[in-house]
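Me: Please take a close look at one part of this model, the pairing of its aromatic rings, and walk me through it in a connected way.

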Amino acid sequence: MTAKNILNADLHCHSVVSDGTLTPEALAERAKTNGVELWALTDHDEIGGQHRAAAAARAQGLRYLTGTEISVTFANETVHIVGLGFDPDDTAMLNGLHTTRGGREQRAMEMSDGLAKVGIQGAYEGALKFVGNPELISRTHFARFLVETGVCKETSEVFRKYLTEGKPGYVPHRWASLRDAVNWITSAKGVAVIAHPGRYKFTANEEYALFTEFKSHGGQAVEVVTGSHTVQEYVKYAETAKEFGLAASRGSDFHSPDESHTDLGSLPFLPGGLIPVWELLEDRIQ
Ligand code: AMP
Ligand code: MN
Ligand code: MN
Ligand code: MN
């Protein structure tokens, strides 16, 4: 019998429905080509692509779980909570995500004003050209505009120089609460997952509080193997998963063939001794 952690599951990526550059159909094809055995599309704050993704996966003979990645504000930081295996037609979840997306247009206009002050004109209109979903204008779309216009060579440079805290295009934003995000997912019969915990700038105490509160709200899993983690972080968060009794997830966080350094299906397997999140979701796999 194959060990249960040996599965090429990729449960985190983005399409044009949020800030990726490929359609759900192109992602399904790429996932299949790359040997993915279980896939989820997890667009930011949006589940409008779920029926397309599930149909595209079916057409490829690829097993599928519904997915999303919800922006949350916790301890003054933005934290991402992935949801997997929920009902994509759940009304409370659809409404909650709609509200979460609501502040993005205003924020984008303020980002554009901040960039104008350092001589970068027309960033709002420029970013809009890259947007696939008008409700989901994100920093990534601004980054693509600044690369297109030659202000920076690559998107990571744009984030470093313009779009992170203290930089001219950064606008603080209040996203959903941790409690609401976990409740939307679990009430829609899904599993909530802390996305890429290694990326947050938390102290050890704040990180402990995040995991403790997440668990108390009904969260059940954490990303251990992700494109955002180092090998050391795989080890660290495998231990954290065991300590908190959480299942483990795996996902590339793929956005674009031109930008992402981790392709769909290309990560190492989950370490042994963990409960893979797909074990909790067997009856939700399509
Ligand atoms: P937003 O939801 O508008 O704040 O945008 C967040 C998105 O920006 C993330 O989901 C990533 O896709 C992207 N992002 C954040 N930080 C970076 C970075 N340092 N380099 C490249 N992309 C980033
Ligand atoms: Mn993104
Ligand atoms: Mn994320
Ligand atoms: Mn992501």
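Reply: In this predicted model, the count of aromatic pairs comes to 6, taking rings as paired when their centres lie within 6.5 Å. One of them joins Y200 and F202, a tilted pair with 5.9 Å from centre to centre and 50 degrees between the planes, and both Y200 and F202 are buried. Another tilted pair is formed by F211 and F244, whose ring centres are 5.3 Å apart and whose planes make an angle of 35 degrees. Because F211 belongs to helix α9 (residues 204-216) and F244 to helix α10 (residues 231-244), this pair ties together parts that are 33 residues apart in sequence. F211 is buried, and F244 is buried as well. Beyond that pair, ring pairs link Y208, F211, Y237 and F244 into a cluster.

In α7 (residues 155-163), the buried residues are T155, E157, V158, Y162 and L163; they lie on the same side of α7, because the arc they cover around the axis is only 155 degrees. Among the elements that cover these buried residues of α7 are α4 (104-117) and α6 (139-148). S156 also lies in helix α7, but S156 counts as partly exposed, because its relative accessibility is 39%, a value between the cut-offs of 20% and 50%.

Methods: Residues numbered from 1 in each chain as written. Chains lettered and ligands numbered in written order. Predicted model: local features only at pLDDT ≥ 70, side-chain atom pairs only at ≥ 80, totals over all residues. Heavy atoms only, no water. Buried < 20%, exposed > 50% of the residue type's maximum accessible area, 1.4 Å probe, protein only. Helix = DSSP H or I, 4+ residues; strand = E, 2+ residues; numbered from the N terminus. Arc of directions from axis to C-beta. Contact = heavy atoms within 4.5 Å. Phe/Tyr/Trp six-rings, centres within 6.5 Å; stacked < 30°, edge-to-face > 60°.
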